[in-house]
Amino acid sequence: MNPVEIAVNGRKVSASTEPRTHLADFLRDTLNLTGTHLGCEHGVCGACTLLLDDMPVRSCITYAAACDGSRVTTMLVRPGSGRRSDSKVLRPITTGLFKVIAFKRC
Ligand code: FES
């Protein structure tokens, strides 16, 4: 197990994870942050996209242990809230998410 400390949507969290656990699974299963969704789990569809230190990454192919000390911004922050995912990269995605598919269970 590897200790991982990351800031998720501006809040620091720490947990231990297996070296091969992907970031999406770490967020969903370990931290119970289910806003990040999985589709193909092969890095193709983009459903799991989030920001890692302000750069878009596919969390299904990113190891959580490699993210130690990083900032992660997920889709869970509502557009217009002034928080980090209000970035130019995620804003169109989050706006569409809340307009079109906000009924989706998290
Ligand atoms: S789940 Fe499809 S790219 Fe990650």
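**Exercise 1: Fold**

Solution. Helices (H or I, at least four residues) and strands (E, at least two) are DSSP runs, numbered from the N terminus. The chain holds two helices and five strands. This is a predicted model, in which local features need pLDDT of at least 70, side-chain atom pairs count only at pLDDT 80 or more, and totals for chains, interfaces and linings use all residues. Residues are numbered from 1 along each chain as its sequence is written.

**Exercise 2: Core**

Identify the residues that touch the most other members of the largest nonpolar core.

Solution. A nonpolar core is a set of buried Ala, Val, Leu, Ile, Met, Phe, Trp, Tyr and Cys residues joined through C-beta atoms within 7 Å. Of its 15 residues, Ile6, Leu23, Ala24, Ala64, Cys67 and Val72 touch the most other members. Next, β1 (2-8), α1 and β3 each supply at least two residues of this core. The largest share, four residues, comes from α1.

**Exercise 3: Leu31**

Classify Leu31 as buried, exposed or partly exposed.

Solution. First, Leu31 lies in the loop between α1 (23-30) and β3 (49-52). Second, a residue is buried if 20 or more other C-beta atoms lie within 10 Å of its own, exposed if 12 or fewer, and partly exposed in between; C-beta atoms are placed from the backbone. Leu31 is therefore partly exposed, because it has 19 C-beta neighbours inside 10 Å.
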